[in-house]
Amino acid sequence: MLTAGPTHEKIDPVRFIGNYSSGKMGYAIAEELASRGAEVTLISGPTQLTVSHPAIKKISVVSAKEMYQTSIDHFDHMDAAIMAAAVADYAPAECAPQKIKRNGEDMTIRLVPNPDIAASLGKKKQGQVLVGFALETNNAVENAHKKLEKKNLDFVVLNSLEHKGAGFQTDTNIISIIDRQGDKKDFPLKSKVEVAKDIVDHLETILL
Ligand code: C5P
């Protein structure tokens, strides 16, 4: 199972809070897994991307809450889950039923925390492999280690925003894989299709 893409958190019928995630990394992993014989459930936030392999079942969601519920509903019978989605940490406390009108005054939107999907699956997992992503602007390695522990992940794919050619929207990525033994493997700049192979190779060393 994979989560991919951004989430959109509705403010009113025509506006949302989102992020720049394209979904490219998650979709590339889904295609790589399927090409190696896996049956893949791809839980995707709003993206322009489509899937090509017939072994990928795509479920489209919009908000973090929908992604959370769909992930929880499907996780029990999965061998592994890769959490590649850029999930919004907060959502507006309420979605206005009508388009909010401007009135020249300051405006405040109260935000409430979204559920942490990866951490919830970490609590539920039974012999399942759980993989997270970390996109950090500072103290990348230290934060990735903390994430491993906090979310009970088997490994973290770290992509740093400090590197050109890595992260959101691009077709390339630079990753490090950090595992529970504390080992860190650094990979050079590659296309996201090639990076997907490295991630699935690592997953296979745990699963097979
Ligand atoms: O804590 P942080 O958001 O940096 O963690 C990133 C990892 O956790 C990613 O794998 C992301 O998909 C996952 N995550 C999640 N649910 C959230 C926030 C992050 O599954 N609400």
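Visitor: How much space lies in the largest pocket?
Guide: About 980 Å³. A pocket is an open set of points on a 1 Å grid over the protein atoms alone, where a 1.4 Å probe fits, with protein on both sides within 12 Å along at least five of seven lines. Points are joined across faces, edges and corners, and the volume is the space filled by probe spheres set on them.

Visitor: What kind of model is this?
Guide: A predicted one: local features need pLDDT of at least 70, side-chain atom pairs count only at pLDDT 80 or more, and totals for chains, interfaces and linings use all residues. Residues are numbered from 1 along each chain as its sequence is written, and side-chain values use heavy atoms, with hydrogens and water left out.

Visitor: Which residues lie nearest the centre of the largest pocket?
Guide: Ala85, Ala86, Val87, Asp89 and Phe133, out of 39 lining residues; lining means having an atom within 4 Å of a point.

Visitor: Which element gives the most to that lining?
Guide: β9, with five residues. α1 (24-35), α3, β9 and α4 each supply at least two.

Visitor: And where does the ligand sit?
Guide: In the largest pocket, meaning that more than half of its atoms lie within 2 Å of the pocket's grid points.

Visitor: Which residues are around the ligand?
Guide: Met83, Ala85, Val87, Asp89, Pro115, Asp116, Ile117, Ala118, Gly132, Phe133, Lys147 and Lys151, each with a heavy atom within 4 Å of the ligand. By class, seven are nonpolar, one is polar and four are charged. α3 (117-124), β9 (129-136) and α4 (140-151) each supply at least two residues of this shell.

Visitor: Which backbone atoms lie 2.6 Å or 2.8 Å from a ligand oxygen?
Guide: A backbone N or O atom of Met83 is 2.6 Å from a ligand oxygen, and one of Phe133 is 2.8 Å from a ligand oxygen. On the nitrogen side, a polar backbone atom of Ile117 lies 3.0 Å from a ligand nitrogen.

Visitor: What about the second largest pocket, how much space lies there?
Guide: About 480 Å³. Leu33, Ala38, Glu39, Val40 and Asp79 are the closest to its centre, among 22 lining residues.

Visitor: Where does the largest share of that lining come from?
Guide: From α5, with four residues. β4 (40-44), β6 (80-83) and α5 (192-207) each supply at least two; helices (H or I, at least four residues) and strands (E, at least two) are DSSP runs, numbered from the N terminus.

Terms used: A polar contact is a pair of N or O atoms within 3.5 Å; within protein, one must be able to donate a hydrogen and the other to accept it, and residues adjacent in sequence count only if both atoms are side-chain atoms. Ala, Val, Leu, Ile, Met, Phe, Trp, Tyr, Cys and Pro count as nonpolar, Asp, Glu, Lys and Arg as charged, and the others, Gly among them, as polar.
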